[in-house]
Amino acid sequence: MRSDQDSRMVSDPGPILPGQPYPLGATFDGEGVNFSVFSEVAEKVQLCLFDEAGNPTASHALPEVTALCWHGYLPGIKPGQRYGYRVHGPWNPQQGQRCNAAKLLLDPYAKAIEGQVQWNEAVFPYDFEDPDNSFNELDSAPFVPKSVVIDPRFDWQDDRHPRRPWHETVIYEAHVKGCTINHPEIPSELRGTYAGLSHPAFVEHLLGLGITAVELMPVHQFIHYAHLMDKGLRNYWGYSSIGYFSPHNEYASAPAGGGQVHEFKNMVKTLHKAGLEVILDVVYNHTSEGNHLGPMLCFKGLDNAAYYRVVADDPRYYMDYTGTGNTLNMLNPHVLQLIMDSLRYWILEMRVDGFRFDLASTLARELHDVDRLSAFFDIIQQDPVISQVKLIAEPWDIGEGGYQVGNFPPLWSEWNGKYRDTVRDFWRGEDQTLGEFAARFTGSSDLYESTSRRPNASINFVTAHDGFTLNDLVSYNEKHNEANGEDNQDGESHNRSWNCGAEGPTDDPEVNALRVRQKRNFLATLFLSQGVPMLLGGDEMGRTQQGNNNGYCQDNEISWFDWEAGDGELMEFCRRLIHFRHDHPVFRRRRWFQGRAIHGTDVKDIAWFTLEGEQMAEENWGEAYAKSLGIFLNGEAIPDPTPQGHRIVDDSFYLIFNAHHEPLPFTLPPEKWAEKWEKTLDTAVGWLDEKELLEAGSQVEAQARSLLLLRKGD
């Protein structure tokens with residue numbers, strides 16, 4: 001089989017020195033740059049240099065290989081230098097070997113990447129006519145992005161990680177571009193960029209809401225797939241990383257020469273100064289190179305069988321636990337090192353505050369089964385840097401046994417898909433036990449307590465980027481993804497949504513009133529539940545995707561915020577709700593409810609009541625048809641003290657949930673729980689600013705599908 005390929009670049013007579021194998025990547029030391037890249041299969045590795053226009057200027061064979069890392073040092077090279085690699089080695093796809101020196105490869109450790117893939121047949125390592133038996137010798141350099149040497153220096157001034165405790169955290173899931181691309185108060189040249197996200201107009205919006213952490217959808221460099229671009233679409237979400245150290249260049253207002261790095265750092269510094277944490281949604285489970293028919297951009301050409309999980313008895317093909325064509329090979333120590341180095345880089349150099357791991361179950365797969373104690377989690381547990389930031393798992397993948405909600409190690413919090421499903425079903429009136437709803441509302445101890453975790457292990461959400469927005473959740477029974485060009489076959493079909501009587505926009509006042517109430521119900525449930533709430537960006541203003549529940553390819557008005565059409569009343573409702581949560585620690589306890597009596601009384605930290613005002617009996621919990629519930633939260637029974645050791649005392653509250661389709665009279669608990677109750681919130685009306693006291697044992701009517709919040713009166 002072919003093992004070598006002539007260089008497509010001119011040779012530079014200048015010397016290249018041996019350099020060092022570590023650190024990997026391109027490292028500028030003030031006088032030159034050290035280059036190092038891993039490949040076990042390579043027979044020769046060429047370093048190729050390019051000018052600002054992408055024209056080749058020099059080519060050097062890396063002179064040394066140490067512990068499978070090829071390295072060399074070039075004096076005089078400065079930040080801004082564009083470069084790439086060509087790997088000479090075996091081409092034997094049947095054995096999982098795919099070296100092709102005609103293909104220019106990105107540096108896996110590149111701190112910045114310039115340009116995007118231009119879809120030409122040269123970016124593929126085979127000929128289209130015979131993909132299984134051919135070898136494509138076309139030079140890919142004119143059509144692929146280039147790695148860029150950066151200057152790591154940056155004036156962080158007095159920047160510090162906010163280190164907001166989990167129980168005080170409110171997460172806002174945001175898309176860098178979509179949040180600000182239409183913001184009227186942000187200069188047009190900054191909209192949709194890192195600079196736009198840190199502009200005072202958007203920062204003030206977040207602070208006004210009461211947000212404490214921004215969870216950014218993928219910002220690692222990614223590509224736009226050819227099949228989407230052919231349809232006039234783009235990879236808007238970005239779940240197809242190709243550069244795990246590089247901020248995505250299209251989100252920078254001035255990306256040339258690595259400018260995205262400085263702009264990203266400045267964004268983090270600005271958000272930190274405002275007290276906001278930055279959490280990255282990271283995709284370490286697969287890359288954008290796809291399956292055996294995908295392009296050759298980086299890992300596939302460097303060392304295919306090392307970087308990817310290949311089918312054991314037919315290495316031409318990839319194991320695919322992600323639905324994207326490939327799965328990174330966590331069994332290889334160099335791949336594991338790549339991921340750990342990437343995580344540490346984003347913490348130490350880019351100063352982010354945590355990570356949400358996409359399809360995290362994939363990272364736990366050592367051989368086939370999901371293993372909670374895999375090497376990945378063991379290494380994170382003992383790492384003195386990574387173990388100290390916020391770690392969130394999306395606890396599933398598409399492989400067998402991939403749904404692992406509740407099974408991650410103690411350091412981890414998890415997106416709680418059971419919370420989402422239970423709350424959606426409850427408010428649309430589906431039959432389910434009250435016990436299931438109660439477990440989700442109180443932090444899902446049934447999922448997390450056995451692993452010594454606390455309520456903050458549960459990242460509670462009703463909506464996220466994947467699926468309906470909050471507005472669409474109450475406006476559509478069916479997905480409407482026709483704009484994606486896949487005949488509405490893509491996206492989840494079982495959404496647990498309810499259109500409230502009409503599909504899509506309507507002029508029916510009763511339907512619209514019910515939708516308003518349902519949105520308030522979902523938001524109130526989310527922010528009054530124990531655990532960590534996550535708000536989908538734009539839900540606070542009623543953002544719609546016109547029924548599209550899979551906007552991954554919609555880089556347009558379907559996905560972008562429409563600030564001019566925002567629902568101001570919903571935004572104010574949401575703002576007050578989040579600040580109410582911040583003001584009342586009884587809704588964000590650090591420990592589980594125990595239901596134990598307080599010393600000297602028989603009043604408990606939490607109690608559950610029927611419609612008639614009687615404490616729930618065991619048989620009440622299994623009634624699937626029951627849609628009503630009263631919950632007493634005792635503000636004088638919070639077990640954890642302040643950091644200074646002082647006792648925490650809050651108001652006591654009584655919550656009434658009525659998911660029935662008609663109004664119901666609820667009898668308030670007897671005097672021993674409280675003599676009087678003050679109505680604070682009614683989702684059928686909104687926040688209640690006029691004081692209205694109700695006597696113990698009296699009746700209060702809860703409107704159809706509504707939530708009432710009552711505070712213990714004086």
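Here is a short chat about a predicted model, covering its pockets, a sheet and one glycine.

Biologist: Hi! How much space lies in the largest pocket?
Modeller: About 1,300 Å³ in this predicted model. Its lining has 47 residues, and the closest to the centre are Trp 237, Thr 322, Asp 466, Asn 550 and Tyr 552.

Biologist: Nice. Which elements give two or more residues to that lining?
Modeller: Those are helix H4 (226-229) and helix H10 (417-427). By class, the lining of the largest pocket has 16 nonpolar, 19 polar and 12 charged residues.

Biologist: Switching topic: in what order do the strands of the open sheet run?
Modeller: The order is S1-S2-S6-S5, with antiparallel pairing. Strands S1 (25-28) and S5 (64-66) are the edges, each pairing on one side only.

Biologist: How many bridges join S2 and S6?
Modeller: There are 7 between S2 (residues 32-38) and S6 (residues 69-75). Val 37 stands opposite Trp 70 in S6.

Biologist: Last one: where is Gly 257?
Modeller: Gly 257 sits in the loop between strand S15 (241-247) and helix H5 (259-273). Gly 257 counts as partly exposed because its relative accessibility is 26%. Beyond its sequence neighbours up to four places away, Gly 257 touches Gly 80, Arg 82, Glu 114, Val 148 and Val 149.

Definitions and conventions:
Residues are numbered from 1 along each chain as its sequence is written. This is a predicted model: local features need pLDDT of at least 70, side-chain atom pairs count only at pLDDT 80 or more; totals for chains, interfaces and linings use all residues. Side-chain values use heavy atoms; hydrogens and water are left out. Two strands pair if DSSP finds at least two bridges between them. Helices (H or I, at least four residues) and strands (E, at least two) are DSSP runs, numbered from the N terminus. Buried means under 20% relative accessible area, exposed over 50%, partly exposed in between (1.4 Å probe, protein chains only). Contact means heavy atoms within 4.5 Å. On a 1 Å grid over the protein atoms alone, a cavity is a set of points where a 1.4 Å probe fits but cannot get out, and a pocket is an open set with protein on both sides within 12 Å along at least five of seven lines; lining residues have an atom within 4 Å of a point. Grid points are joined across faces, edges and corners, and a volume is the space filled by probe spheres set on the points. Ala, Val, Leu, Ile, Met, Phe, Trp, Tyr, Cys and Pro count as nonpolar, Asp, Glu, Lys and Arg as charged, and the others, Gly among them, as polar.
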